[in-house]
Amino acid sequence: MPSNILSSSNSFRGQLTSEQTVLVSRRHWIVLFGPIFFIIIFAFLPSLIYHYVSQTSWYLQWMDLFWFLMALYYFFLWNVLFYNLMIYTLNTVVVTNKRVIKNEQNGFFRYASAELDLPKIQDVSVKVHGILAAILRFGDLEIQTAGSQNKFLFDRLPNPEKIKQTIADLQAL
């Protein structure tokens, strides 16, 4: 293998016997920024509500119900955070010495996997949209194949140029 292609010790379900994992990537961390930002904002909302509700005359009568509803609210927020982290963690792109695999978790119980054989790849292109993507170096990777499904889109990947170069180097072997 050329020196600019790094080998990885990662393994995965469905790995072929002579297949080596070269690169594993997830979407860029910026995809988590929006959901986590809103979760943090919504986490402070009950303290504002408490400030106003605690001064009412009925608060002492309904205090237990208020705190129960707050516990349910935070439980819901925790689940939303867990869901977003799970989706981020389980959506991966795996580049091996034989193929490119896209694992996509679409929900708690919805999972899709697509794979491309390296010899069938005809074109790999990178698209960077906007100044933020250019500064933080993330973008979309589009792979065109000779198979039945023409284009595969891998969106918001970190360092898409590096992934493109890795695929090109592997095809040259």
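Modeller: Helices here are DSSP runs of H or I with at least four residues, numbered from the N terminus. With that rule, Phe38 is placed in helix H1, residues 30-53. Please keep in mind that this is a predicted model.

Colleague: How many helices and strands does the chain have, and in what pattern do they follow along the sequence?

Modeller: The chain has 4 helices and 7 strands, and read along the sequence they give the pattern β-α-α-β-β-β-β-α-β-β-α.

Colleague: How do you know whether the chain has the radius of gyration of a compact globule?

Modeller: For 173 residues a compact globule would have a radius of gyration near 16 Å, whereas the chain has 23 Å, and the C-alpha trace spans about 75 × 35 × 30 Å along its principal axes. Buried residues make up 32% of the 173 residues, and the accessible surface of about 11300 Å² belongs to carbon and sulfur atoms for 63%. Among contacts with a separation of 6 or more, 49% are between residues 24 or more positions apart.

Colleague: Why is Phe38 called partly exposed?

Modeller: Partly exposed covers what lies between the buried limit, under 20%, and the exposed limit, over 50%. Phe38 has a relative accessible area of 49%, so the label is partly exposed.

Colleague: What makes the pair of Phe66 and Trp67 edge-to-face?

Modeller: The angle between the planes is 80° and the centres are 5.2 Å apart; with planes over 60 degrees apart, the pair therefore counts as edge-to-face. Phe66 has 9% relative accessibility, under the 20% limit, and so counts as buried. Ring pairs link Tyr50, Tyr59, Phe66 and Trp67 into a cluster.

Colleague: How do you know that Arg99 and Glu115 meet in a salt bridge?

Modeller: The N to O distance is 2.9 Å, and the rule asks for a side-chain nitrogen of Lys or Arg within 4 Å of a carboxyl oxygen of Asp or Glu, so the pair qualifies. Arg99 lies in strand E3 (residues 99-105) and Glu115 in strand E4 (residues 111-117), and the pair links distant parts of the chain, 16 residues apart. Arg99 is buried with a relative accessible area of 4%, while Glu115 counts as partly exposed at 46%. By this rule the count comes to 8 salt bridges.

Colleague: Why is Lys102 called buried, and what does the side chain of Lys102 meet in a salt bridge?

Modeller: Lys102 has 17% relative accessibility, which is under 20%, so Lys102 counts as buried. The side chain of Lys102 meets that of Glu104 in a salt bridge at 3.7 Å, N to O, and Glu104 is partly exposed with 24%. Arg27, Lys102, Glu104, Asp155 and Arg156 are linked in a network of salt bridges.

Colleague: What makes Lys127 and Glu142 a salt bridge, and which strands hold the two residues?

Modeller: Their N to O distance is 3.6 Å, which is within 4 Å, so the pair is a salt bridge. Lys127 is in strand E5 (residues 121-127) and Glu142 in strand E6 (residues 138-145), so the pair ties together parts 15 residues apart in sequence. Lys127 counts as partly exposed at 39% relative accessibility, whereas Glu142 counts as buried at 17%.

Key: Residues numbered from 1 in each chain as written. Predicted model: local features only at pLDDT ≥ 70, side-chain atom pairs only at ≥ 80, totals over all residues. Heavy atoms only, no water. Buried < 20%, exposed > 50% of the residue type's maximum accessible area, 1.4 Å probe, protein only. Rg over C-alpha atoms; globule rule 2.2 N^0.38 Å. Contact = heavy atoms within 4.5 Å. Areas by Shrake-Rupley, 256 points an atom, 1.4 Å probe, with all protein chains shown as cover. Phe/Tyr/Trp six-rings, centres within 6.5 Å; stacked < 30°, edge-to-face > 60°.
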